[in-house]
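Colleague: I would like to go through the labels used for this model and hear what each one rests on.
Modeller: Ask about them one at a time.

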Amino acid sequence: PGEQLPHDPSKKTLVVLGSGWGATSLLNSMDTTDYNVIVISPKNYFLFTPLLPSVAVGTLSPRSILQPTRYVTRHKKRQVAVIEASATSVDPIAKTVKFEDTSEIQGLVSTTTVNYDYLVFAVGAEVQTFNIPGVKENACFMKELEDAEHMQRRFLDCLETAAFPGQTPDEISRLLHMVVVGGGPTGVEVSGELHDFLEEDLRSWYPELASNVRITLVEALPSVLPMFSKQLIDYTESTFKEAKIDILTKTMVKEIKEKSVVLQMPDKSVVEVPCGLVVWAAGNKLRKVTQDLMAKFPQAQTNRRGITVDDHLRMVGVPDKSIFAIGDCTATSYAPTAQVASQEGAYLARIIAQLAKRDELAARLKALQETPAVEETKQEIESVQKQITKAEKMRPFHYSHQGSLAYIGSDKAIADLPFFNGNLATGGVATYLFWRSAYLSTLFSPRNRVLVANDWIKVKLFGR
Ligand code: FAD
Ligand code: NAD
């Protein structure tokens with residue numbers, strides 16, 4: 001009953017947790033005939049996160065940037081089971097994963113367990129709130145599809161409420177003040193997209209209100225976008241200045257109330273600033289399921305940023321090396337980005353193909369060793385042993401950085417690109433066109449490329 005799990009006793013079972021950048025890249029690249037493959041994720045789709053802020057302002061429709069996981073798996077040579085559920089715990093000794101249906105509708109069975117031979121842990125991260133009061137209750141996040149939809153609803157509601165007859169000037173000013181917390185790429189992109197929506201559409205829909213809309217970006221560090229070069233930070237800051245987006249650096253959000261944010265200013269004074277909308281883009285933290293798994297290997301897993309992996313992306317400390325971890329749930333020398341997660345997924349597809357070959361050879365060796373030892377058998381045993389040694393030689397993971405890109409609004413983007421052994425830092429409208437084409441080509445499926453291109457054309461012709 002229920003989803004029939006692939007079960008060929010001659011094959012090992014590979015359980016993949018997650019359907020994000022890492023897991024989807026693995027699924028796209030892997031040969032599913034090698035294993036019984038089971039994918040478990042609370043979202044039955046892949047979300048193209050780089051374009052999420054565009055959904056928040058209605059430039060793109062949510063459907064355009066998601067790809068159902070079954071769209072990938074149904075084209076695979078062998079059946080892959082996709083289960084919409086959250087993994088709640090992993091038992092690395094019994095080699096089982098417990099998972100739970102956390103969706104709105106539940107059946108009679110909503111928790112169960114599956115066995116694995118190899119586990120790919122790719123559950124990403126969740127929003128970091130630092131336990132700052134009021135963040136969960138009063139701010140919008142920018143991580144999941146529903147976050148973007150939530151932000152869009154609240155933003156438009158602020159405008160309509162400000163347009164309500166008889167609203168006082170102070171209340172209008174509060175409702176039209178949008179605060180974005182976090183000057184990393186997410187916060188910068190959200191601010192840029194909000195500005196575009198305002199300039200390109202809202203100015204003509206709400207002519208009497210539009211000039212009162214203010215956008216403030218708050219960042220605790222001395223500058224926004226610390227991962228970009230100084231030149232591009234300056235370019236972003238001057239573009240924001242022209243766009244009348246205020247940047248408050250060295251400023252820390254201490255609390256978020258229903259109608260205001262409490263800020264600690266650079267001189268340590270604390271001020272309460274009224275606002276209508278707060279978008280929280282202050283970074284990531286580990287999920288509970290990741291913390292719990294790490295706690296099972298207290299000697300080896302001590303990095304608070306995430307799972308420590310070896311050169312082949314295997315979780316350090318797991319005695320039989322059966323758990324791989326990729327993407328934002330790991331702590332590596334690379335930034336937690338889609339680029340890294342997808343390269344790790346593609347690399348892992350090659351590693352597990354090699355492991356399947358090794359395991360098949362090991363089974364053959366075992367069978368040969370159990371047969372009476374004639375000369376031919378001895379020779380074959382030697383040959384198989386050599387092949388096993390070869391199959392066990394795995395190349396380490398190597399990340400190839402393709403550059404960093406970010407959209408900053410006003411039809412401008414910035415790019416730090418590796419270029420002839422140096423770095424090319426570029427910003428402007430041409431970079432924006434490059435940003436668009438780069439993202440269009442990175443979208444995994446032709447269906448999504450057509451949908452996104454179509455949305456962009458629609459917005460140019462008819463507005464959002
Ligand atoms: P994710 O892609 O987050 O996938 C995690 C998966 O695990 C999800 O499918 C989730 O549903 C699933 N999951 C969660 N909990 C469980 C559980 N308990 N059990 C099973 N499954 C679970 N990076 C770039 O390189 N370039 C960009 O332009 C860029 N833009 C971004 C814009 C935004 C708004 C955001 C939020 C991020 C952006 N990033 C970008 C970062 C990038 O999205 C992440 O680094 C990337 O998603 C990491 O991939 P992942 O597979 O580790 O995690
Ligand atoms: P981030 O961690 O890069 O930035 C969060 C920022 O919030 C930090 O600069 C931090 O100082 C600030 N902050 C934290 N608490 C604060 C507080 N209380 N008050 C004020 N500021 C506070 O997070 P992100 O922007 O979501 O990015 C996460 C990852 O995803 C990064 O690796 C990033 O490179 C990647 N990403 C890349 C792109 C892109 O390449 N275009 C876009 C989005 C995300």
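Colleague: From which domains does the shell around ligand 1 draw at least three residues?
Modeller: From each of domain 1 (12-125 + 286-388) and domain 2 (135-284). The model is a predicted one.

Colleague: Which residues come nearest to ligand 1?
Modeller: There are 30 residues around ligand 1, and Gly 22, Thr 49, Ala 87, Asp 328 and Tyr 439 come nearest. A residue is counted as near if one of its heavy atoms lies within 4 Å.

Colleague: What makes the pair between Thr 49 and ligand 1 a polar contact?
Modeller: A polar side-chain atom of Thr 49 lies 2.5 Å from an oxygen atom of ligand 1. The cut-off for a pair of N or O atoms is within 3.5 Å, so the pair qualifies.

Colleague: Which elements give two or more residues to the shell around ligand 1?
Modeller: Helix H1 (21-29), strand E2 (35-41), strand E6 (86-91) and helix H11 (338-370). The largest share, 3 residues, comes from H11. By class, the shell has 14 nonpolar, 12 polar and 4 charged residues.

Colleague: And ligand 2: how many residues are around it, and which come nearest?
Modeller: Around ligand 2 there are 26 residues, of which Thr 186, Glu 219, Val 253, Pro 336 and Leu 405 come nearest.

Colleague: Which elements each supply at least two residues of the shell around ligand 2?
Modeller: Helix H7 (185-205), strand E15 (252-256) and strand E21 (404-409). H7 provides the largest share, 3 residues. The classes in this shell are 17 nonpolar, 7 polar and 2 charged residues.

Colleague: Turning to helix H10, why are its buried residues said to be on the same side?
Modeller: The buried residues in H10 (residues 288-295) are Val 289, Thr 290, Leu 293 and Met 294. They cover an arc of only 135° around the axis, which puts them on the same side of H10. The face turned away from that buried side carries the exposed residues Lys 288 and Ala 295.

Colleague: Why is Ala 415 called buried?
Modeller: Ala 415 has a relative accessible area of 0%, and buried means under 20%, so the label holds. Ala 415 is found in strand E22 (residues 412-419). From Phe 434 it is 19 residues apart in sequence and 9.0 Å apart in space, C-alpha to C-alpha.

Colleague: Why is His 398 called exposed?
Modeller: Its relative accessible area is 64%, and exposed means over 50%, so His 398 is exposed. His 398 lies in the loop between helix H12 (375-392) and E21. His 398 and Asp 311 are 87 residues apart in sequence and 8.5 Å apart in space, C-alpha to C-alpha.

Colleague: What makes Pro 226 partly exposed?
Modeller: Pro 226 has a relative accessible area of 48%, which falls between the 20% and 50% limits, so it is called partly exposed. Its place is in the loop between strand E13 (214-218) and helix H9 (230-242).

Colleague: What is the phi of Asn 131?
Modeller: It is near 55°, a positive value in a residue other than glycine. Asn 131 lies in the loop between strand E10 (126-127) and helix H4 (135-138). With a relative accessible area of 68%, over the 50% limit, Asn 131 is therefore exposed. Lys 250, also not a glycine, has a positive phi of about 50°, and is found in the loop between strand E14 (245-248) and E15.

How values were computed. Residues numbered from 1 in each chain as written. Chains lettered and ligands numbered in written order. Predicted model: local features only at pLDDT ≥ 70, side-chain atom pairs only at ≥ 80, totals over all residues. Heavy atoms only, no water. Helix = DSSP H or I, 4+ residues; strand = E, 2+ residues; numbered from the N terminus. Nonpolar A, V, L, I, M, F, W, Y, C, P; charged D, E, K, R; others polar. Polar contact = N/O pair within 3.5 Å; in protein donor to acceptor, adjacent residues only side chain to side chain. Domains from an automatic or database assignment. Buried < 20%, exposed > 50% of the residue type's maximum accessible area, 1.4 Å probe, protein only. Arc of directions from axis to C-beta.
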